[in-house]
Amino acid sequence: MVRVELPYHLRQLARVDKEIAVDVPGEVTIASVLDALEARFPMLQGTIRDHVTGERRPLLRFFACEEDLSFAPPTAPLPDAVARGVEPLIILGAIAGGSR
Amino acid sequence: MSEVRVLVGTRKGAFVLTSDGKRQHWKVSAPHFGGWEFYHLKGSPVDPNRIYASQSSAWFGQTMQRSNDGGKTWETVGNKFLYDGIPGTHQWYDGTPHPWEFKRVWHLEPSLTDPETVYAGVEDAALFKSIDGGATWTELSALRGHSTGSQWAPGAGGLCLHTILIDPSDHQRLYVAISSAGAFRSDDGGAGWKPITKGLHSKYLPVPDAEVGHCVHRIAMHPSRPQTLFMQKHWDVMRTDDSGESWQKISGNLPTDFGFAIDVHAHEPETVFVVPIKNDSEHYPLDGKLQVFRSRSGGHEWEPLTKGLPQQDCYVNVLREAMDVDTLDSCGIYFGTTGGQVYASTDGGDSWTAIVRDLPPVVSVEVQTI
């Protein structure tokens, strides 16, 4: 199982606690983790990656094992520690805004 | 005893306010989805416990919520708003072509007969329809495909379709308004559209009487007279009595005819309410005095309504979606402010009370009489 940490608003939307675990068939990549996540929590579809382009939303970032993976190819393998469930994939909302 | 339910969309969550028919004591719900923006919530006229809500975030995009119990609990429904075909371009602020990009849902208009059917007005301006309770959405693309579509340009708030009206006497007749493309009417359920802008005059346009380009802020209709519409334009308050074929200015003695919100009394089709805003650069009331203006003659002659409203140091705005009426015998009028107050009048506007005072900035107010 791959561990995923969601930002507060997405946990609220998915009605889950801080960390969740998803079963990811095949190679563990950003794309395959998000596929598994969205299959289990359909309400998250479109909130992390755009419906049309499939790209990461601009104000979200992906981190794991103290690395910023936001700009890695979505099909690149995630660190082995993430694949083995030792470390979580962290989906983080950028600290931005404040105008409202 | 009737109940009144006020659905309030704010910058930081949705709130449900409830009262009995006396409308003296209000219960304010905890925030639903605190931290998310709610541009609009609206209940089905045939099943008031079915409520649709537009939830969005700069971080996470657009999501949609649906309630089957009057806003107590919510389920997430479809948020896939895909333009039909190759989207093409509209005009950008600088006049250059710009691709259509979905940003958010501004307005939800449930069907008058079927709780599973709902229309959504979105930015960049398009009209979508769901017939499965919001699970899936299909664009009624004839609107955006109108021959003028490539000329539409955004207003300051974006290229948003913010008003959808269904003619209660002919459900195939739809009206929409777009900032800043103007107003359009369909007589065939959305298969075809025509601009309804004759009589609108916008001095900031290169051609002030152009067919499209008018920054319409809101249109209101009384259900008993669907051929009569009242419009708050960027500047000017307007009316039509022929379903938009021609418009006449009815600003009359308003101290300023800039504003956003406009609505009609539930039982008096010629009684109209607006909230004048100082001007298009200063979005707050004149002289720090929050005043609703009422016309009992369908326009031209307006009277200020101030009792119970702050008359000094008030610099809030009342946004286009933030006014509505109930249908009790003594019609209630409600509006929300960017300062977080929701004001209500239970006597046709003569006096006002803040039924809640410290919400996040209010974006939308919808009232259900149950």
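## Close-ups of a predicted two-chain model

**View 1. The open sheet of chain A.** In chain A, 5 strands make up an open sheet with mixed pairing, and their order is β2-β1-β5-β3-β4. The edge places go to β2 (19-22) and β4 (67-68) of chain A; each has a single partner strand, so one side of each is left without a neighbour in the sheet. This is a predicted model, so keep that in mind for this view and the others. Look at the β4 end: strand β3 (residues 60-64) of chain A pairs with β4(A) in the antiparallel sense, over 2 bridges. One pair to pick out here is Phe63(A), which sits opposite Asp68(A) of β4(A).

**View 2. Helix α2 of chain A, lying across the sheet.** Helix α2 (residues 30-40) of chain A lies across β1 (2-5), β2, β3 and β5 (89-93) of chain A, and it runs at about 100° to β2(A). Which residues of α2(A) are buried? They are Ile30(A), Ser32(A), Val33(A), Leu34(A) and Leu37(A). The cover over these buried residues includes β1, β2, β3 and β5 of chain A. As a reminder for reading the helix, an α-helix has 3.6 residues a turn, so residues three or four places apart point the same way.

**View 3. Chain B as a whole.** Stepping back for a moment, chain B has 30 strands and 0 helices. Its C-alpha atoms fill a box of roughly 50 × 45 × 40 Å along the principal axes. For 370 residues, a compact globule would have a radius of gyration near 21 Å, and the 19 Å of chain B agrees with that. Of the 370 residues in chain B, 54% are buried. Among chain B contacts with a separation of 6 or more, 49% come from residues 24 or more positions apart. On the confidence side, the average pLDDT of chain B is 97, with 100% of the residues scoring at least 70. The predictor also gives the complex an ipTM of 0.94 and a pTM of 0.97.

**View 4. The antiparallel sheet that joins the two ends of chain B.** Here 7 bridges join β1(B) to strand β30 (residues 362-369) of chain B, and the two run antiparallel. In this pairing, Val8(B) has Val365(B) of β30(B) as its bridge partner. The open sheet around them holds 4 strands of chain B in the order β3-β2-β1-β30, with antiparallel pairing. At its edges stand β3 (27-28) and β30 of chain B, each with a single partner strand, so one side of each is left without a neighbour in the sheet. Strand β1 (residues 3-10) of chain B has 7 of its 8 residues buried, so it is largely enclosed by the rest of the structure.

**View 5. The β1-β2 hairpin of chain B and its next strand.** β1(B) and β2(B) form a hairpin, with 2 residues between them. β1(B) pairs with strand β2 (residues 13-20) of chain B over 8 bridges in the antiparallel sense. Across this pairing, Val6(B) has its bridge partner, Leu17(B), in β2(B). On to the next strand: β2(B) and β3(B) run antiparallel and are joined by 2 bridges. There, Thr18(B) stands opposite Lys27(B) of β3(B).

**View 6. Strand β5 of chain B, covered on both faces.** Strand β5 (residues 51-57) of chain B is mostly covered, with 7 of its 7 residues buried. Which residues lie on each side of β5(B)? Ile51(B), Ala53(B), Gln55(B) and Ser57(B) are on one side, with Tyr52(B), Ser54(B) and Ser56(B) on the other, and all are buried. Strand β4 (residues 37-43) of chain B runs antiparallel to β5(B), and 6 bridges join the two. Lys42(B) finds its bridge partner in Tyr52(B) of β5(B). β5(B) also pairs with strand β6 (residues 61-67) of chain B, in the antiparallel sense and over 7 bridges. In that pairing, Ser54(B) is opposite Met64(B) of β6(B). With 3 residues between them, β5(B) and β6(B) form a hairpin.

**View 7. Nonpolar cores.** The largest nonpolar core has 101 residues, and the ones that touch the most other members are Val8(B), Val176(B), Ile219(B), Ala261(B), Val342(B) and Val365(B). Zooming in on Ala261(B) and leaving aside its neighbours within four places in sequence, its contacts include Arg218(B), Gln232(B), Val274(B), Val275(B), Val318(B), Leu319(B) and Phe335(B). A second, separate core has 23 residues, among them Val2(A), Val4(A), Leu13(A) and Leu44(A).

How values were computed
Residues are numbered from 1 along each chain as its sequence is written. Chains are lettered from A and ligands numbered from 1 in the order in which they are written. This is a predicted model: local features need pLDDT of at least 70, side-chain atom pairs count only at pLDDT 80 or more; totals for chains, interfaces and linings use all residues. Two strands pair if DSSP finds at least two bridges between them. Two residues are in contact if their C-beta atoms, placed from the backbone, lie within 7 Å. Axes are lines fitted to C-alpha atoms, for helices over the stretch in contact, and angles run from 0 to 180 degrees between N-to-C directions. A residue is buried if 20 or more other C-beta atoms lie within 10 Å of its own, exposed if 12 or fewer, and partly exposed in between; C-beta atoms are placed from the backbone. The radius of gyration is taken over C-alpha atoms; the globule rule is 2.2 Å times the number of residues to the power 0.38. pLDDT is the predictor's confidence in each residue, from 0 to 100. A nonpolar core is a set of buried Ala, Val, Leu, Ile, Met, Phe, Trp, Tyr and Cys residues joined through C-beta atoms within 7 Å.
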